[in-house]
Amino acid sequence: FVTTGEGTVKILSYPSFKTRHILNAHSSSCLSLALAPTGRYLAVGGSDALISLWDTTDWVCRRTMSSENGGAVRGVSWSFDGRFLCGACDEPGTSGSGLEIYHAETGDTVHTVQTGSSGVPAVAWHPTRYWLAYSTTAEGPGNPGGLKIVGAAGGGL
């Protein structure tokens, strides 16, 4: 899979790297993507503040999720079981200022992790638990940014 600045995702064969299919995923640049651990969906984050969810059996967009943060979605990550999807916005100070966790089947926001005013350019789920690791952007000399980890204490959201 290759994201493009034209709002498409190219699906290439390996090892020839010939284009097999092109998804018209977003109205602006596609910036991030993640394949669900089940292989059922491909999530694509764009600079239009949307995440599109593509069914890998017929390459049809099943739903889109809108970022409350209003900024470009630079990172997407699936929970270990494929039930939840998290999107990361790297624009600090946008409305919302948090990581949004969506239910994959409904597209509903199920939880927001408050991150303060820092932008979040990257996010990743733990491979076996409902824990998230995310990076924050630097805000100046007193706040150089860094890595943060949050999780559900009981193992569920």
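Residues are numbered from 1 along each chain as its sequence is written, and side-chain values use heavy atoms, with hydrogens and water left out. As the model is predicted, local features need pLDDT of at least 70 and side-chain atom pairs count only at pLDDT 80 or more, whereas totals for chains, interfaces and linings use all residues.

Strands are DSSP runs (E, at least two residues) numbered from the N terminus, and two of them are taken as paired if DSSP finds at least two bridges between them. An open sheet is formed by three strands in the order 1-2-3, with antiparallel pairing. Strand 1 (2-3) and strand 3 (19-24) each have a single partner strand and stand at the edges, so one side of each is left without a neighbour in the sheet. Strand 2 (residues 8-12) runs antiparallel to strand 3 and is joined to it by five bridges. Within this pairing, K10 has I22 of strand 3 as its bridge partner. In a regular strand, side chains alternate between the two faces of the sheet.

A further antiparallel pairing, over five bridges, links strand 4 (residues 30-35) with strand 5 (residues 41-46). Here S32 stands opposite G45 of strand 5. The hairpin of strand 4 and strand 5 has five residues between the strands, and G39 in this hairpin takes a positive phi near 80°.

Aromatic contacts were examined next. Rings of Phe, Tyr and Trp (its six-membered ring) pair if their centres lie within 6.5 Å; planes under 30 degrees apart count as stacked, over 60 as edge-to-face and the rest as tilted. Six aromatic pairs are found in a search of the whole structure. One of them is the edge-to-face pair of Y14 and F17, at 5.5 Å centre to centre and with 85° between the planes. For accessibility, buried means under 20% relative accessible area, exposed over 50% and partly exposed in between (1.4 Å probe, protein chains only). Y14 is exposed, at 69%, and F17 is exposed as well, at 52%.

The ring centres of W125 and Y130 lie 6.1 Å apart with the planes at 75°, so this pair is edge-to-face. W125 is buried, with a relative accessible area of 9%, and Y130 is also buried, at 7%. Together with F80 and F84, W125 and Y130 form one aromatic cluster.

A charge sits over a ring if NZ of Lys or CZ of Arg is within 6 Å of the ring centre and within 35 degrees of the ring normal. The charged end of R129 sits in this way over the ring of W131, 5.4 Å from its centre.

Technical notes. Helices (H or I, at least four residues) and strands (E, at least two) are DSSP runs, numbered from the N terminus.
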